[in-house]
Amino acid sequence: MGDAVLVAEGLGARTRRGWVFRGVDLSVAPGEYVALDGAAGSGRTSLLLALAGYFRTTEGTVTRTAPAALGFVAGVNEPEPGLSVAEHMEERLVLLGRAPWNLRKRRREALEHLRDVPLDPKALGRDLDRLGAHRLCLALALVNEPGVILVDDVDNGLSEVERTVLEKTLRESGPAVVVTERAA
């Protein structure tokens with residue numbers, strides 16, 4: 001395993017309908033960017049969630065030597081429609097027990113965490129485009145100081161330029177990153 005932050009060995013998940021994914025071996029080093037690709041319905045999202053510890057597997061093992069965090073995963077981890085960007089960050093800080101009790105200080109700290117995120121802090125979750133949703137979820141994930149961030153469908157609903165921007169942002173975020181995308 002060496003210095004890997006995430007290792008999967010012989011990982012598989014079987015349901016009554018058959019295998020969701022099977023025989024996955026993966027080792028992710030600190031700071032590494034790994035793309036998992038597959039056709040629609042191939043189990044990419046389930047595998048990603050299993051690697052993060054949110055999906056039960058039936059064979060193999062997953063070892064994380066550092067905390068894992070989810071970035072954008074449609075239907076699982078995405079912006080709340082009625083919360084602003086800043087309110088999302090405030091909520092995350094409160095849930096982690098890292099928010100000051102004073103509302104004004106808490107808001108200031110939330111904005112400090114968002115200083116490098118090119119989003120309007122007042123924008124509501126429902127008004128974010130797909131790239132904005134990815135950016136917000138990445139900022140929220142980074143608050144946890146994870147060793148690896150897992151992000152789903154980085155090529156879905158984005159233009160080629162937006163995909164390039166997102167990949168660059170993810171690569172420069174610091175921790176290891178595992179993404180899923182459709183097979184080329």
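The model is predicted: local features need pLDDT of at least 70, side-chain atom pairs count only at pLDDT 80 or more, and totals for chains, interfaces and linings use all residues. Residues are numbered from 1 along each chain as its sequence is written, and side-chain values use heavy atoms, with hydrogens and water left out. Helices (H or I, at least four residues) and strands (E, at least two) are DSSP runs, numbered from the N terminus.

**Helix 4**

- Helix 4 covers residues 130–143, and its end C-alpha atoms are 21 Å apart, which agrees with the 20 Å that its 14 residues should span at 1.5 Å a residue; the expected span is 1.5 Å times one less than the number of residues.
- Twelve of the 14 residues of helix 4 are buried, that is, under 20% relative accessible area (1.4 Å probe, protein chains only).
- Among the buried residues are Leu131, His134, Arg135 and Val143.
- Their cover includes strand 5 (68–70), helix 2 (85–95), helix 3 (103–113), strand 6 (148–151) and helix 5 (160–171).
- After helix 4 comes glutamate 145, with a positive phi near 50 degrees.

**Nonpolar cores**

- A nonpolar core is a set of buried Ala, Val, Leu, Ile, Met, Phe, Trp, Tyr and Cys residues joined through side-chain atoms within 4.5 Å.
- The largest core has 24 residues, and Leu6, Leu11, Val28, Leu51, Leu150 and Val178 have the most contacts inside it.
- Helix 1 gives the most to this core, with six residues.
- Apart from it lies another core of 15 residues, including Met89, Leu93, Ala123 and Val143.
- Leucine 150 touches residues that include Leu6, Leu48, Leu51 and Val178, not counting those up to four places away in sequence; contact means heavy atoms within 4.5 Å.

**Pockets**

- On a 1 Å grid over the protein atoms alone, a pocket is an open set of points where a 1.4 Å probe fits, with protein on both sides within 12 Å along at least five of seven lines; lining residues have an atom within 4 Å of a point.
- The largest pocket has a volume of about 360 Å³, the space filled by probe spheres set on the points.
- Of its 17 lining residues, His113, Asp116, Val117, Ala139 and Leu142 lie nearest the centre.
- Helix 4 supplies the largest share of this lining, five residues.
- The second largest pocket has a volume of about 170 Å³.
- Helix 2 gives the most to the lining of the second largest pocket, with four residues.

Definitions and conventions. Buried < 20%, exposed > 50% of the residue type's maximum accessible area, 1.4 Å probe, protein only.
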